[in-house]
Amino acid sequence: MSARIPLLIDTDPGVDDALALLMAFGDPRHELLALTIAAGNVGLGHTVANALKLCDVAGVDVPVHAGCPVPLVHPAADAAYVHGQDGFGDTGYVPSARQADPEHAALAIVRLAKAHAGRLLLVMLGPLTNLALALRLDPDLPSRIGRLVVMGGAVTGQGNTSVPAEFNIAFDPEAAEVVFRAFPQFELVDWEAVVRHGFLHRDFEAWLARGDARAEFYGAISAHTRRWSEGKRGDHWHSADALAMAAALQPEGVRRAEHRPLAVELEGRLSRGATVVDWLRRSGRPDNARIVMDYDQARFEAQVRAALGA
Ligand code: BDR
Ligand code: CA
């Protein structure tokens with residue numbers, strides 16, 4: 001058995017997904033088994049193509065499994081206005097010659113959880129559709145996952161897609177409901193934590209300039225989103241999936257976390273897709289979420305720099 005921790009990433013690349021994947025590709029303590037691909041930031045055709053391309057750029061040869069093209073129940077709008085129409089900044093990159101693996105993402109999750117029972121680190125960087133489907137196929141799945149880390153939610157109702165909701169959860173709230181009910185414990189990196197862990201655009205640009213081929217590609221595909229972000233959020237750049245990946249790969253960097261019951265609002269005139277955290281433990285429900293409140297910023301930035309070769 002490898003001493004490295006087996007790692008499976010479900011992702012919808014996506015500009016911040018790409019940075020998180022580069023972090024995982026280079027990590028010596030984890031063995032990346034596969035990528036399972038969700039629709040979310042943009043449609044599934046683009047997210048699969050982007051995952052394959054990023055693997056090529058980084059010289060990584062792992063299976064890429066396409067998942068569900070739509071949310072479980074209701075249609076949802078993508079985030080092309082943030083990530084570009086193709087999800088990678090519309091640079092017109094030359095597509096990978098590689099194809100996705102024929103096995104569906106949900107089946108790959110079920111299979112790999114069995115093969116690495118008790119040890120698998122599962123990191124969810126997009127809507128939770130594929131994992132919800134895997135749970136319906138294999139209800140015992142949670143007992144086989146070593147750690148589940150989810151990027152999603154807005155734990156005090158300060159969302160990024162509607163007033164109280166965050167994109168990954170709001171894109172497929174029914175899937176989030178299935179996942180959060182099934183797992184007795186999961187770790188959550190929410191949008192509000194992301195806002196507390198930005199880095200300066202000028203620092204990020206300096207890292208890009210010092211980096212290698214990964215940085216060159218990343219600089220190109222992220223240019224559109226960085227410009228959009230600067231106009232909207234000022235001098236700090238926020239990479240949600242990168243923060244979640246930092247917490248997944250180096251959990252010792254978590255400086256403060258809170259355990260609380262967390263559920264998803266499925267209806268609500270103003271709040272569909274909101275993550276409702278029972279901060280005062282009024283419901284008597286178990287503390288299913290370990291919510292990351294504070295992560296060592298220097299450690300986070302060091303992981304991002306390493307991922308870019310800077
Ligand atoms: C999350 O939504 C997506 O747009 C990003 O890739 C990230 O996973 C942030 O809310
Ligand atoms: Ca994502």
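User: What makes Leu308 a contact partner of other residues, and which ones does it touch beyond its neighbours within four places in sequence?
Analyst: Leu308 is in contact with Leu19, Leu22, Phe204, Trp207, Leu208, Gly211, Asp212, Arg214, Ala215 and Tyr218. Contact means heavy atoms within 4.5 Å. This is a predicted model, where local features need pLDDT of at least 70, side-chain atom pairs count only at pLDDT 80 or more, and totals for chains, interfaces and linings use all residues. Residues are numbered from 1 along each chain as written, chains are lettered from A and ligands numbered from 1 in written order, and side-chain values use heavy atoms, without hydrogens or water.

User: What makes a set of residues a nonpolar core, and how many residues has the largest?
Analyst: The largest nonpolar core has 60 residues. Leu308 is among those with the most contacts inside it, with Leu35, Phe204, Tyr218 and Met245. Apart from that core lies another, of 36 residues, including Ala34, Leu120, Phe186 and Met293. A core is a set of buried Ala, Val, Leu, Ile, Met, Phe, Trp, Tyr and Cys residues joined through side-chain atoms within 4.5 Å.

User: Why does Ile221 count as buried?
Analyst: Its relative accessibility is 0%. Buried means under 20% relative accessible area, exposed over 50%, partly exposed in between (1.4 Å probe, protein chains only). Ile221 therefore counts as buried. Ile221 sits in helix α11 (residues 213-233). Not counting residues up to four places away in sequence, Ile221 touches Val15, Ala18, Phe88, Gly89 and Thr91.

User: How do you know that helix α12 is mostly covered?
Analyst: Ten of its ten residues are buried. Among them are Asp241, Leu243, Met245 and Leu249. Helices (H or I, at least four residues) and strands (E, at least two) are DSSP runs, numbered from the N terminus.

User: Why is Arg255 called exposed?
Analyst: The relative accessible area of Arg255 is 55%, so Arg255 is exposed. Arg255 lies in strand β9 (residues 254-260). Leaving aside neighbours within four places in sequence, Arg255 is in contact with Asp294, Tyr295 and Asp296.

User: Why are α1 and α2 called oblique?
Analyst: The axes of α1 (residues 15-25) and α2 (residues 44-58) cross at roughly 45° and come within 11 Å. Angles under 35 degrees count as roughly parallel, over 145 as roughly antiparallel, 65 to 115 as roughly perpendicular and the rest as oblique. The two helices are therefore oblique to each other.

User: What makes the contact of α1 with α2 nonpolar, polar or charged?
Analyst: Ala18, Leu21, Leu22 and Phe25 in α1 meet Leu54, Cys55 and Ala58 in α2. They divide into seven nonpolar, no polar and no charged. Nonpolar covers Ala, Val, Leu, Ile, Met, Phe, Trp, Tyr, Cys and Pro; Asp, Glu, Lys and Arg are charged; the others, Gly among them, are polar.

User: What is said of phi in Asp90, and why is Asp90 called partly exposed?
Analyst: Phi of Asp90 is near 50°, a positive value in a residue other than glycine. Most residues other than glycine have a negative phi. Asp90 is in the loop between α3 (80-83) and α4 (105-115). Its relative accessible area is 42%, so Asp90 is partly exposed.

User: Where does Arg281 lie, and what is its phi?
Analyst: Arg281 lies in the loop between β11 (275-277) and β12 (289-295). Its phi is positive, about 50°, although Arg281 is not a glycine. Arg281 is partly exposed, with a relative accessible area of 44%.

User: Which kind of peptide bond joins Pro13 and Gly14?
Analyst: A cis bond, with omega about -15°. Most peptide bonds are trans. Gly14 lies in the loop between β1 (5-11) and α1.

Note on methods:
Axes are lines fitted to C-alpha atoms, for helices over the stretch in contact, and angles run from 0 to 180 degrees between N-to-C directions.
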